[in-house]
Number of protein chains: 2
Amino acid sequence: MILDERKAQILRAIVEDHVRTGLPVGSRAVARRYKLGISPATIRNEMADLEEMGYLDKPHTSSGRVPSDKGYRFYVDQLLPETGITPEESLFVESLFRSKIRDVVSLLKEVVRAVSEATSYLAFILGPDYETTTFKAIHLLPASFGKALVVIVSDAGFVESCLIDVPPMSREEMEYVSDMLSREICNVSLDKVTDRAHELLHKETSRYAEIIAQVIEFLRNMSSETETERLYMGGTANLLSQPEFRDINKVQDLLLAIENGSLIQNIISRRNRESDPAITIGQENETEVGRDLSIVYGVFKAGKSEGRIGLLGPKRMNYARAVAIVKLCEEKLNEFFSWDE
Amino acid sequence: MILDERKAQILRAIVEDHVRTGLPVGSRAVARRYKLGISPATIRNEMADLEEMGYLDKPHTSSGRVPSDKGYRFYVDQLLPETGITPEESLFVESLFRSKIRDVVSLLKEVVRAVSEATSYLAFILGPDYETTTFKAIHLLPASFGKALVVIVSDAGFVESCLIDVPPMSREEMEYVSDMLSREICNVSLDKVTDRAHELLHKETSRYAEIIAQVIEFLRNMSSETETERLYMGGTANLLSQPEFRDINKVQDLLLAIENGSLIQNIISRRNRESDPAITIGQENETEVGRDLSIVYGVFKAGKSEGRIGLLGPKRMNYARAVAIVKLCEEKLNEFFSWDE
DNA sequence: TTTTAGCACTCCTCACGTTAGAGTGCTAAT
DNA sequence: ATTAGCACTCTAACGTGAGGAGTGCTAAAA
């Protein structure tokens, strides 16, 4: 679908004006603020055309125009300016990664906090899924009488742990079991790990069987665990400053969807990256509460599997800026998670 | 401050009616719904007295009455019915703790989620602070070239970890360092640990010095880390169904205060348990956004230090129920965290 | 002395009507 | 093909007035 130059210009003007003010845009405003060398009447005619083609909507018969989802889509695909952020902002983001945080989770939380603050949208990071990840280390550690701590480290540096029951055993024995588990589990993706562990379980009919069974249970929990557990979000309150959320009920639905993670999950699980930061606009989000929202997100590689970082804002968000920031974070996260190689 | 029997009865009726409906309560309503054997006119007189004494407020000259903070306070201190929850609910809470969750953090998250859902208030758990805690184990594990994972287990079963740089070293060496750290760090409270570790640092001028320094850094981070990191919350959206949050701006302030944890922290850090589940009502919360809220929270023992569990709801919350549920959770958490002894 | 009925009064809520203003679509002129 | 002019539409804001709930006060009853 291609639009003639002038229509495209008018569409751009309307989108940008609407993003700025949040109000419907009239023909006079377009003529005044963006001097295209044509009169309001001409613009009105073009706007009528654009509306008929589905790029614009009218809240009511005699109001200005508002971009439709299709209008935003065209804007995003064809008209998006390249430059989105200032060098200072870019430096700010970089500084996050330079800070002396050694704990992966803390870093992700910090990034989410900072980015949401900088953009005043909702920022989120979805940790790499454990299905496709591999593990670098597993250890069995004495914790207290009858208990041991299982610690497992993913290739991306995420650490998970749980307590299991163990029979009284010497340190050497525990190391033996640790090593045995390491051999079977390390560098194998999680979906295959349980099979291999089961095999091990058959071979080991000894006293360690109980331990292995518990570890399997643990691994299974990890992979089945809803991804909400590794979803970091920040800046929920930001969304409320948007005029489209003056209605309390909408806000409540939104909060609910945010809190249980269903909003972000639904949207992100479907679609694979078509464009680099992927963008879904309004109705494209499928969820009812997503109708007024847009999501810009990118994928980063962490170990063998992938994580996602994104921004969630009103449909009339600053797409250029959002795209630039997401892109930047993506890059930096990729760098960060390649510390290993 | 003591109230004569009849005034107390009327106050109770007003509080309970207002909690139920959210509307100002008139004299007729009190007379009709709670048959105290007196006429509306008498009740009006008593209500005028109660208002003058500060137990009741009037939204405007010719409306019914609403309990003031002082009114709620009296109700909570003197009039609170004992029985607050049904046996089913109590069983439900217990079942949470019986489930096969072995990871402390997951359990806490699950409890928060379930309790917030059951009460439709906001539920929160503040993990035990690391200042006063002691540690049961510390381990140094090989992670990848030049890196090691430090894993530390608190007496309550919380696990923290971070990656540090290490020179190439054999497994035996690493165990040696692990043991050395264990001797110095285990069973000592965190504020003393850093001193002892520093001593160690002086003795060990060898190649391990760098490692010890990093561990000290890690421990210091843990204790300085804002408690937000160990604050689990759920049910934010619940608060919005309360009519007192029809105003978007209030909601936004509230969300902001919830998200950065300042609301709950401010309130909880001050006061030490005076009554078992402690209750702070409206203005007692000091924060501006806390004016319309009440908090009911209790303390549980986890290892050497304490955590807190509570509910945050509108001032016109069901206090009896909230108290009962908090009390129950407190008990169960205490039980849970005594697995060790 | 305490309680109650009666009544005038206050204030809120809601529905309705009116007005001002912004923006459109259409027509006729350029 | 573009533009000026104009009638028309719709919203947002304000004002008005009726209806209703609840009060405080006064005077009578217990």
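**Ground rules**

I number residues from 1 along each chain as its sequence is written, and I letter chains from A and number ligands from 1 in the order in which they are written. As the model is predicted, I kept local features to pLDDT of at least 70 and side-chain atom pairs to pLDDT 80 or more, while totals for chains, interfaces and linings use all residues.

**Entry 1: chain A as a whole**

I started with the secondary structure and found 13 helices and 10 strands in chain A. Both are DSSP runs numbered from the N terminus: helices are H or I with at least four residues, strands are E with at least two.

Next I looked up how spread out the chain is. The radius of gyration of chain A is 26 Å, well over the 20 Å that the globule rule gives for 341 residues, so chain A is more spread out than a compact globule. (The radius is taken over C-alpha atoms, and the rule is 2.2 Å times the number of residues to the power 0.38.) Along the principal axes, the C-alpha atoms of chain A fill a box of roughly 90 × 40 × 35 Å.

**Entry 2: domains of chain A**

I noted domain 1 (5–79), domain 2 (87–129 + 227–336) and domain 3 (135–224); the bounds come from an automatic or database domain assignment. Domain 2 of chain A is written in two segments, 87–129 and 227–336.

How far apart are the C-alpha centres of domain 2 and domain 3 of chain A? I read 34 Å. Six residues of domain 2 of chain A are in contact with six residues of domain 3 of chain A, where contact means C-beta atoms, placed from the backbone, within 7 Å. On the domain 2 side I counted three nonpolar, two polar and one charged residues. My classes are these: Ala, Val, Leu, Ile, Met, Phe, Trp, Tyr, Cys and Pro are nonpolar, Asp, Glu, Lys and Arg are charged, and the others, Gly among them, are polar.

**Entry 3: the sheet in chain A**

I traced an open sheet of three strands in the order β4-β5-β6 of chain A, with antiparallel pairing. Two strands pair if DSSP finds at least two bridges between them. β4 and β6 of chain A stand at the edges with a single partner strand each, so one side of each has no neighbour in the sheet. Neighbouring strands here are turned by 20° against each other on average, direction ignored.

Between β5(A) and β6(A) I found seven bridges; A:Ile152 has A:Glu160 in β6(A) as its bridge partner. Helix α7 (residues 171–185) of chain A packs on the sheet and touches β4 and β5 of chain A, its direction making about 155° with that of β4(A). Helix α9 (residues 209–224) of chain A lies across β5 and β6 of chain A, at about 145° to β6(A). For these angles, axes are lines fitted to C-alpha atoms, for helices over the stretch in contact, and values run from 0 to 180 degrees between N-to-C directions.

**Entry 4: the sheet in chain B**

In chain B I found an open sheet of three strands in the order β4-β5-β6, paired antiparallel. Eight bridges join β4(B) to β5 (residues 147–154) of chain B, and B:Leu141 has B:Leu149 in β5(B) as its bridge partner.

**Entry 5: where the chains meet**

Notes: Contact = placed C-beta atoms within 7 Å.
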